[in-house]
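Here's a quick briefing to read with the model open. Take a look at the chain, then go through the points below.

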Amino acid sequence: MTLPSKRPSPSDFQHIRDWVFDLDNTLYPHHINLFAQIDRNMTAFVAELLQLEANEARALQKRYYRDHGTTLAGLMLHHNVDPNAFLERAHAIDYSALLPDEALGAAIRKLPGRKFIFTNGTVAHAEAAARALGILDHFDDIFDIVAADYVPKPAGATYDKFASLNRIDTAHAAMFEDLPRNLMVPKSLGMKTVLLVPRNLGAAILETWERVEHIDCDSVDYVTDNLTEFLQTIAPDA
Ligand SMILES: [Mg+2]
């Protein structure tokens, strides 16, 4: 397994007009781990819905995630769950771990063109997180799991919907993501792709990284563990 370690240069991104960011573990670092809270909420939802013990609920939740791309997709398919009730519960979390990140905000603002958040979560979750980071105002739009008709990334149809809704020319767009598999379609559509990895990667071989083995590394143009620095490198002061 070899990932590209190519250094970015501003000229590599000169043709980019639309900047697309995943939310969780991309616009804030992996170690903040908001997802742990969401994960616990999802387990509790499944346990209550199906009257399961926590460990059984967790096993089922993970199976649905594996088999259907999200826990929600499995719950909708097998248990006719109301997606809004699930999403609201899943995202009822404490955002206080996210602090205003002025350097990130300045780096995003400086990017020439439109900026989007494209998340498998909800608009409410993306707004809350981006607001806590102090970067919400820099984005033109948020495309979420509801807009995606509950079909999560990495489904090709969802990228198509996102791109056509926003009239994005993918040959002039870049995508930032922490999950390698979510970069496969963007790469095939001609987008520049940037993989966010956890800081101090050497300290622990993390889930994200393990999944790298299962992807075609050709889908990843750049790898970084610091989004702000990366953006500062590709869009320096004009
Ligand atoms: Mg993510």
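**Contacts along the chain**

Among contacts with a separation of 6 or more, 71% are between residues 24 or more positions apart; two residues are in contact if their C-beta atoms, placed from the backbone, lie within 7 Å. Keep in mind that this is a predicted model, where local features need pLDDT of at least 70, side-chain atom pairs count only at pLDDT 80 or more, and totals for chains, interfaces and linings use all residues. Numbering starts from 1 along each chain as its sequence is written.

**Overall build**
- The chain has ten helices and six strands, taken as DSSP runs (helices are H or I, at least four residues; strands are E, at least two) and numbered from the N terminus.
- Along the principal axes, the C-alpha atoms fill a box of roughly 60 × 40 × 35 Å.

**Cores**
- Of the 238 residues, 36% count as buried, that is, with 20 or more other C-beta atoms within 10 Å of their own C-beta, placed from the backbone.
- The largest nonpolar core has 40 residues, and Val-20, Phe-21, Ala-174 and Phe-176 have the most contacts inside it; a core is a set of buried Ala, Val, Leu, Ile, Met, Phe, Trp, Tyr and Cys residues joined through C-beta atoms within 7 Å.
- A second, separate core of 14 residues includes Met-42, Val-46, Ala-57 and Leu-72.

**Domains**
- Domain 1 covers 10–28 + 98–234 and domain 2 covers 34–90, with bounds from an automatic or database domain assignment.
- Their contact takes seven residues from domain 1 and nine residues from domain 2.
- The centres of domain 1 and domain 2, over C-alpha atoms, are 25 Å apart.

Technical notes:
A residue is buried if 20 or more other C-beta atoms lie within 10 Å of its own, exposed if 12 or fewer, and partly exposed in between; C-beta atoms are placed from the backbone.
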